[in-house]
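Me: I would like to learn how to read a pocket and a sheet in a model. Please take me through one example.

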Amino acid sequence: TYNDACADVLKEMLPVLDNLERAAQYAESDKLMEGVSMIVTQFRETLSKIGVEAFGEAGDVFDPNLHHAIAHEEDAEKPENVVSDVFQKGYKKGEKVIRFAMVKVVN
């Protein structure tokens, strides 16, 4: 019950982190960039302290238990059933998936 309650709260917080990460990518002011980067770092550290870990990287083998494939591409140069792009990272606490990673899969 506790893990489910934590997952519900964390699920609502993750979009805030997503937007902070997006802002950090496009910030033009050095001070703004520094501030947003500090918040993103603090948020990641806080999630880590409570046992939440991110997953979903390009190159990972596609796992339907962890990933939602929202796009597909054909590429003879790349191995089959591999994540080629990540649109949104996934998060889990222990074995409980809080949010699936949204990915593009090859072949």
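Me: Which element gives the largest share of the lining of the largest pocket?

Reply: Rolling a probe the size of a water molecule over the atoms shows where empty space is left. In this predicted model, the largest share of the lining of the largest pocket comes from α1, with five residues.

Me: How much space lies in the largest pocket?

Reply: The largest pocket holds about 290 Å³ of space. The lining has 14 residues, and those closest to the centre are D18, E21, Q25, F87 and K89. Two or more lining residues come from each of α1 (2-26), α2 (30-49) and β3 (82-88).

Me: How do the residues of the lining divide into nonpolar, polar and charged?

Reply: Six of the lining residues are charged, five are nonpolar and three are polar.

Me: Now the sheet. In what order do the strands stand?

Reply: The order is β1-β4-β5, an open sheet of three strands with antiparallel pairing. β1 (52-55) and β5 (96-99) are the edge strands; each has a single partner, so one side of each has no neighbour in the sheet. On average, neighbouring strands are turned by 35° against each other, direction ignored.

Me: How many bridges join β4 to β5?

Reply: Three bridges join β4 (residues 90-93) to β5, and the two strands run antiparallel. K93 is placed opposite K96 in β5.

Me: Which strands does α1 lie across?

Reply: α1 lies across β1, β4 and β5, and runs at about 40° to β5. The helix α1 also gives five residues to the lining of the largest pocket.

Methods. Residues are numbered from 1 along each chain as its sequence is written. This is a predicted model: local features need pLDDT of at least 70, side-chain atom pairs count only at pLDDT 80 or more; totals for chains, interfaces and linings use all residues. Side-chain values use heavy atoms; hydrogens and water are left out. On a 1 Å grid over the protein atoms alone, a cavity is a set of points where a 1.4 Å probe fits but cannot get out, and a pocket is an open set with protein on both sides within 12 Å along at least five of seven lines; lining residues have an atom within 4 Å of a point. Grid points are joined across faces, edges and corners, and a volume is the space filled by probe spheres set on the points. Helices (H or I, at least four residues) and strands (E, at least two) are DSSP runs, numbered from the N terminus. Ala, Val, Leu, Ile, Met, Phe, Trp, Tyr, Cys and Pro count as nonpolar, Asp, Glu, Lys and Arg as charged, and the others, Gly among them, as polar. Two strands pair if DSSP finds at least two bridges between them. Axes are lines fitted to C-alpha atoms, for helices over the stretch in contact, and angles run from 0 to 180 degrees between N-to-C directions. Contact means heavy atoms within 4.5 Å.
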